[in-house]
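Subject: Structure handover

Hello,

Here is the structure I said I would pass on. Please open it alongside this email; my notes on it follow below.

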Amino acid sequence: MTIAKDKELQFTSRFHEYTRTLDCVHCGLCIPYCPTHGVTGRESDSPRGRIYLMRGYAEDGEGISREAEQHILQCIVCRACETVCPSGIHMGDMMESFREELNRAHKVKGPGFWLAKLLLRHVLPFRGRIAAISDLIYMYQRSGLRKLANATLGRLSKRFSELDRLQPEIPEPRLRRIETDRTLPGGYPSEGKARMRVGLFLGCITSEWFAPAHRATIRVLQRNGCDVVLPEEQTCCGALHRHGGFLAESGELYRRNAEIFSRSGVDVVIVNAAGCGAALKEPPHQFPAGLGPPVRDICEFLDEIGLVAPKGRIEKRVGYHQPCHLVHGQKIGPRAVEELLRKIPGLQLVPIEDSDRCCGSGGVYNLLHPEMAEPILSEKTRTILESGAEIIVTGNPGCAMQVKSGLERSSAGKAIEILHPVELLDRAYESEGRSTPS
Ligand code: SF4
Ligand code: SF4
């Protein structure tokens, strides 16, 4: 659809991505794929409905009702609609831009805005601060305070219990801290002659809470002929900033990462968290050259270079939950991951119904919109339990935490292990030569 240029400029000044809303031809093909529409069945909770609301905001110039704003903010930004839309809509970009516009337009900012700003500006970009907060959460979980809080605050507030349940168990500091003493230049040398020198992206919360996946990633890369380095000054990818419409802050983080990885001398930047990978692969418009070295998801990379087939057996039924930011954000379908898993002797891949359907995690979406995230998670939990899997693999920490919190509600679910695909590969390498399989 086209409109007069002067009108378009006027509307774009209210909503930067306005022109993209015109790409929608209202066909409705996206609607069955939208998880939030699946919960409420309302047009305003569908991609088409949200585009209509955002377009109306720009064209009216009258502000937006609280109700319409909520429907837009309830988008998980899973980007499933982007994958199926014949007009090639960019829901991710539209949502980021619209949230930035809301942050600007609200004259009076609520406590949620200031809390988000505090965390995004003063905590997430600093691994040392994340480590200190993780230590506090670890003490809370181990000291008995958690039981006490649940027995008191948990009885008074359902919201508190929900938030408490979503916390992953924080390992002790020794297991959590990813080693930074082996930063440039030596790093972790390849087993045998190096084919490549790669830089591992550590992330913010993932640097602390998912250190086991980082260590497994390093070992698997070494086994596959890579020297691995961890540039010390790297920072958060800015994905949560973008989700919240804090685009200037995310641009600054991107700039810092681009500077650090460009001078690190690595051939490739490896990312093992799908959300971070999508953010690093899609540079803000002021960085057309991207990060410098190419960015690859770890599974995509191993599939491209040809995995050294592990010899250790893992005789388990394994299901793959596809993270939205891998399949819809990075357009990496299940084949790459499943091909890697098929190389593990003894492993049986079991299908999960709608494995590319969102689990409801969406960064911090499950904390902000539990009423929407809960039914989405229940459906994901049902499909996993029905698959008969003993292990679920997924390449995004947010999905791993969310899926685990759903499975822990039943004894059958509690028995299911959640791992990153690379942790399973690492386990298979590690058990080579053992007579009993893992
Ligand atoms: S599939 Fe694309 S063009 Fe069709 S209604 Fe959805 S967003 Fe609009
Ligand atoms: S990004 Fe996901 S939740 Fe948002 S409109 Fe598209 S399909 Fe629905």
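A salt bridge here is a side-chain nitrogen of Lys or Arg within 4 Å of a carboxyl oxygen of Asp or Glu. This is a predicted model, in which local features need pLDDT of at least 70 and side-chain atom pairs count only at pLDDT 80 or more, while totals for chains, interfaces and linings use all residues. Residues are numbered from 1 along each chain as its sequence is written, chains are lettered from A and ligands numbered from 1 in the order in which they are written, and side-chain values use heavy atoms, with hydrogens and water left out.

Salt bridges

With that rule, the count is 37 salt bridges. One of them joins Glu101 and Arg104, with 2.8 Å from N to O. Both residues belong to helix H7 (residues 91–105), and because they are three residues apart there, about one helical turn separates them. Helices are DSSP runs of H or I with at least four residues, numbered from the N terminus. Glu101 counts as buried at 9% relative accessibility, whereas Arg104 is exposed at 54%. For these words, buried means under 20% relative accessible area, exposed over 50%, and partly exposed in between (1.4 Å probe, protein chains only).

Arg20 and Glu17 form another salt bridge, and their closest N and O atoms are 3.0 Å apart. Arg20 is partly exposed, at 27% relative accessibility, and Glu17 is buried, at 14%.

Glu249 and Lys117 also meet through their side chains, at 3.9 Å from N to O. This pair links distant parts of the chain: Glu249 lies in helix H16 (residues 247–262) and Lys117 in helix H8 (residues 111–122), 132 residues apart. Glu249 is buried, with a relative accessible area of 14%.

Finally, a network of salt bridges links Glu252, Arg255, Glu259 and Arg263.

Ligand 2

Which residues surround ligand 2? They are Cys34, Pro35, Thr36, Pro47, Arg50, Cys75, Ile76, Val77, Cys78, Arg79, Cys81 and Met91, where being near means having a heavy atom within 4 Å of the molecule. Helix H3 (35–40) and helix H4 (47–60) each supply at least two residues of this shell. By class, the shell holds nine nonpolar, one polar and two charged residues. Ala, Val, Leu, Ile, Met, Phe, Trp, Tyr, Cys and Pro count as nonpolar, Asp, Glu, Lys and Arg as charged, and the others, Gly among them, as polar.

Regards
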